[in-house]
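Subject: Structure handover

Hello,

Please find the structure below, with notes on what was found in it.

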Amino acid sequence: ASWGTCESARFGFRHSAMGLGAVERCLESFFEKIGKVVGTHPIKTLIGSVLFTIVCGGGFAFLTTETRPEKQWVPAGSLALDHDAYVKATWPGNARFNFF
């Protein structure tokens with residue numbers, strides 16, 4: 001099966017009077033080939049899909065979360081980060097709240 005070529009598919013029905021364009025023929029041919037492969041090898045396709053999902057999902061093991069807005073939205077090395085570090089060092093945030 002040649003996946004890269006756009007050969008006209010052989011259908012048992014007539015197309016509309018306007019016919020199909022080259023893009024439509026190419027897409028129909030491509031998806032027809034995919035359908036034939038999936039239809040003739042359903043178990044292999046299912047196993048391949050599950051393995052592909054597991055391999056792609058393996059990246060979640062390396063995922064780290066960042067909750068500090070200055071690290072998420074401010075470019076590294078910017079003047080705003082220097083100012084933020086100065087303010088935090090000069091006036092530490094040990095605020096106390098009394099609600100009574």
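The notes below cover conventions, the fold, the surface and the aromatic pairs.

This is a predicted model, in which local features need pLDDT of at least 70 and side-chain atom pairs count only at pLDDT 80 or more, while totals for chains, interfaces and linings use all residues. Residues are numbered from 1 along each chain as its sequence is written, and side-chain values use heavy atoms, with hydrogens and water left out.

The protein has four helices and zero strands (DSSP runs: H or I of at least four residues for helices, E of at least two for strands, numbered from the N terminus). The order along the sequence is α-α-α-α.

Of its 100 residues, 5% are buried (under 20% relative accessible area; exposed is over 50%, partly exposed in between; 1.4 Å probe, protein chains only).

Phe-30 is partly exposed because its relative accessibility is 33%; Phe-31, at 52%, counts as exposed.

Tyr-86 and Trp-91 also form an edge-to-face pair, at 6.2 Å centre to centre and 85° between the planes. Tyr-86 is exposed at 53% relative accessibility, and Trp-91 is exposed at 57%.

Regards

Key
Phe/Tyr/Trp six-rings, centres within 6.5 Å; stacked < 30°, edge-to-face > 60°.
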